[in-house]
Amino acid sequence: MASLNPCLELRPLGNTGLKLSCVGFGASPLGNTFGPVSEQDALATVREAFRLGINFFDTSPYYGATLSEKVLGKALKALGVPRNEYIVSTKCGRYSEGFDFSAERVTRSIDESLARLQLDYVDILHCHDIEFGSLDQVVKETIPALQKLKEAGKIRFIGITGLPLEIFTYVLDRVPQGSVDVILSYCHYSINDSALLDLLPYLKSKGVGIISASPLAMGLLTENGPPEWHPASPELKAACKAAASHCKQKGKNLPKLAMQYSFTNKDISTILVGMNSVRQVQENVAAATEFATFGQDGEMLAEVEAILFPVKNQTWPSGIQQ
């Protein structure tokens with residue numbers, strides 16, 4: 001069941017040797033985190049993603065209290081293709097019952113995840129949302145524990161994830177180079193917030209691969225707007241709503257514009273997007289294919305950037321402890 005979409009670009013991930021599809025499959029919706037998804041729909045969604053050239057699938061035991069891992073594992077197995085044809089990342093340290101970055105817990109966590117995913121190894125194991133734990137514990141205890149899992153062959157590469165960009169420099173400055181292979185940043189590489197760009201030279205100097213998630217800023221850059229719990233300021237929400245209205249008036253689509261903006265920097269290996277339907281997969285892949293063929297709609301992008309300029313790079317607080 002080989003990829004039928006040669007237009008979906010593969011990009012190298014740091015020094016890992018992995019090549020990820022520029023669109024990555026975020027599997028959190030398979031854990032019913034945004035509403036119920038039937039197992040039949042979940043399997044069809046993963047099948048369509050793989051058929052259209054997506055080779056990178058990301059999950060976590062936190063998503064749907066382990067349901068996402070179970071459903072993704074079943075869906076990947078149903079593909080019936082060799083294991084080396086897809087790349088899987090999962091996470092540790094964040095669970096439905098809370099945060100625990102201890103060596104004992106993350107070591108147990110990978111065995112639990114592998115059982116749910118029905119895999120012998122994962123390609124990447126991320127420490128999940130490390131700003132909610134102790135960054136010093138992550139440096140001194142968690143990452144050394146993950147290195148042992150790497151030596152045991154249960155994981156191939158080590159990553160860290162979180163919202164505040166300063167957590168990445170804090171950790172990477174305090175571990176031996178090569179200890180962390182990948183970072184996963186979210187909501188910092190989209191039309192309203194491109195702060196991740198300032199960090200790229202530093203990350204490249206460390207040989208670290210870069211994954212960016214949530215190109216629609218957790219719903220801000222959609223026509224329906226963000227969910228009620230979204231932590232953005234009223235000003236940021238209002239500006240994004242105005243941008244969506246402007247696009248609609250011009251017969252354009254803000255989510256597609258935002259998706260295509262996210263593909264512009266090739267130092268970012270993949271753009272991770274949550275998907276829960278065949279239609280969503282097709283729309284995201286179409287946006288990438290259209291971008292590869294025709295490039296960005298520069299005129300429309302400039303108009304939207306002008307609307308969002310007053311709130312550019314405005315973020316929201318997240319917990320950091322050291």
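## Overview

Over residues 23–288 the chain is 42% helix and 17% strand, with the end C-alpha atoms 7 Å apart; helices (H or I, at least four residues) and strands (E, at least two) are DSSP runs numbered from the N terminus. The UniProt record, an unreviewed entry, annotates residues 23–288 as "domain: NADP-dependent oxidoreductase"; its positions are given in the numbering used here, the feature name is shortened, and such annotations may be inferred rather than shown by experiment.

The model is predicted: local features need pLDDT of at least 70, side-chain atom pairs count only at pLDDT 80 or more, and totals for chains, interfaces and linings use all residues. Residues are numbered from 1 along each chain as its sequence is written, and side-chain values use heavy atoms, with hydrogens and water left out.

## Barrel

A barrel is closed by 8 strands in the order β3-β4-β5-β8-β9-β10-β11-β12, with parallel pairing. The twist from one strand to the next averages 30°; axes are lines fitted to C-alpha atoms, for helices over the stretch in contact, and angles run from 0 to 180 degrees between N-to-C directions. Strands β4 (residues 56–58) and β5 (residues 87–92) are paired in the parallel sense over 3 bridges, where pairing requires that DSSP finds at least two bridges between two strands. Phe57 stands opposite Val88 in β5.

## Helices on the sheet

Helix α4 (residues 135–151) packs on the sheet and touches β5, β8 (122–127) and β9 (155–162), contact meaning heavy atoms within 4.5 Å. The direction of α4 makes about 155° with that of β9. Helix α6 (residues 196–205) also packs on the sheet, touching β10 (182–186) and β11 (209–213), and its direction makes about 160° with that of β11.

## Cavity and pocket

On a 1 Å grid over the protein atoms alone, a cavity is a set of points where a 1.4 Å probe fits but cannot get out, and a pocket is an open set with protein on both sides within 12 Å along at least five of seven lines; lining residues have an atom within 4 Å of a point. Grid points are joined across faces, edges and corners, and a volume is the space filled by probe spheres set on the points.

The structure holds 1 cavity of 30 Å³ or more. The largest cavity contains about 40 Å³ of space, and its lining includes Leu172, Pro176 and Lys206. The second largest pocket has a volume of about 160 Å³; among its lining residues are Leu220, Glu223, Lys237 and Cys240.
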